[in-house]
Structure formats: C-alpha cells, structure tokens
Amino acid sequence: MNGPQDLGGQMGFGPVAPEKDEPYFHAAWERRALGVTLTAGAMGAWNIDESRHARESLHPADYYASSYYEIWIKALEMLLKRHGFVTERDLDAGTAVDPAATPKRVLKAENVPGVLAKGGPCDRPVATPARFKAGDPVRTKNFNPTGHTRLPRYARGKHGVVEAVRDGFVFPDSNAHGHGENPQWVYTVVFEGSEIWGEGADPTLTVSIDAWESYLEPA
C-alpha cells in the first residue's frame, strides 16, 4: 500500500549506514519478538501477506519512530486483536482477562526445527499460459492502492524489459485481505537507471524487480 514502509526512492531520510558485523538481535527482547511473531503466525489465523499489511497499516509517525521489531510487535497486537486472541483489556492487564479464540493449531517447541525447515512455499500452478516472455518490453501500471501490494511506488508507471519468467505464485494483493490466493505468473523486470531516477542518473545502473502479471501491460 502507499504506506510509510515504501521508502524506495524517497529522499530526506539521510544516508544508509550499514552496521559492521551487525548481530541478528540487538537486545534479548528482539529475539523473543521474532519467536512470538512466528509462533503466533503458526496458529493459522492469518497469512504472511496479511501480516505484512498489518505492519504497513501503522500510522507513519508511529512507524518511523519504531525500531524493526517494535513494528513487528505492534502489528502482531493488531492481528491478535483482529482475530480474537486478545483484547485491549488483556493487553492493558498484561494477562488473559477475556475469553479468547481457539487457534487452529499450536506450534510446540519440539516441532520448531521441522516447521522452520519446511518454510512456507508460495509457488502455485497457474491455469493460463504466461502473458509475457523474456525480452518483451512492458510498462508497470500506475496505481495507488489502499490495500497491500508488492509493486513499489518507485517502479509504477515505468517502462522496462522482461528478463525472466519465474513461476506462478500466490498474489499477495488479494491474499492479504482474505480474497484467495489467486496465483499469477511472476516476472523479473529490468529498468534502466534513467527510467527510475530521471536526468542525471548513472547510465550504468539498472534496477530489477519481481512483478506479478497483473502489474504489467505491454509497452
């Protein structure tokens, strides 16, 4: 969606300063935040796309003032309340106060390695043939959704070339909102730097994205 998380190409946020030898976690609570989020997701009440959309839905001021795992926890609270696992009274009290929904399944400690190893594949068969092939010139659609999308703002309404046809994958724009997986073909599309950044762009640079078929139209 057009939310605070879509920072690609945005100015005014200062330089990117990678942390040398950055640890996986900067504090013990971050490790726990990851574990709690993955365990809650394993209950089966929501999917990864709904989870991503919950993070995107935070108010920009709240989003920008929060660290990475603070965003995860705030979004998790939203999901748990939405699906009836906790209430605002539970959160205020720091313990269960109200009746809660029953999860479809519970991830037990001894099953964690197997579940993580299995992952969550999202490739799916598509009933129709791919509309585009490698080498085809395409243009991304220019839209401003209020719901979830995986097409970044900087790549909307841009001309590029299909580099590869990948496979069929769950369409996140519908899956995030309970409208079904609706799998589509996904393509790697390459854009010239000047198409993304305009005048003065480094002519040697290109940008590649993976785009679902409905994001594209023939150029």
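This is a predicted model: local features need pLDDT of at least 70, side-chain atom pairs count only at pLDDT 80 or more; totals for chains, interfaces and linings use all residues.

Strands of a sheet pair through backbone hydrogen bonds, either parallel or antiparallel. Here, β1 (residues 137-140) pairs with β2 (residues 159-169) in the antiparallel sense, over three bridges. V138 has G160 in β2 as its bridge partner.

## The annotated region

An unreviewed UniProt entry lists residues 121-218 as "domain: Nitrile hydratase beta subunit". Over residues 121-218 the chain is 35% strand and 9% helix, with the end C-alpha atoms 29 Å apart.

## The largest pocket

The largest pocket has a volume of about 1200 Å³. Its lining comprises 38 residues, and those nearest the centre are G41, N47, I48, G119 and G120. At least two lining residues come from each of α1 (28-41), α2 (48-56), α4 (68-82), α6 (112-118) and α7 (172-175). By class, the lining has 18 nonpolar, 11 polar and nine charged residues.

## The second largest pocket

The second largest pocket holds about 640 Å³ of space. It is lined by 23 residues, with Q5, D6, E56, Y63 and R150 nearest its centre. Two or more lining residues are given by each of α2, α3 (60-64), α4 and β4. This lining has 12 nonpolar, four polar and seven charged residues.

Notes: Residues are numbered from 1 along each chain as its sequence is written. Side-chain values use heavy atoms; hydrogens and water are left out. Two strands pair if DSSP finds at least two bridges between them. Helices (H or I, at least four residues) and strands (E, at least two) are DSSP runs, numbered from the N terminus. UniProt positions are given in the numbering used here, feature names are shortened, and annotations may be inferred rather than shown by experiment. On a 1 Å grid over the protein atoms alone, a cavity is a set of points where a 1.4 Å probe fits but cannot get out, and a pocket is an open set with protein on both sides within 12 Å along at least five of seven lines; lining residues have an atom within 4 Å of a point. Grid points are joined across faces, edges and corners, and a volume is the space filled by probe spheres set on the points. Ala, Val, Leu, Ile, Met, Phe, Trp, Tyr, Cys and Pro count as nonpolar, Asp, Glu, Lys and Arg as charged, and the others, Gly among them, as polar.
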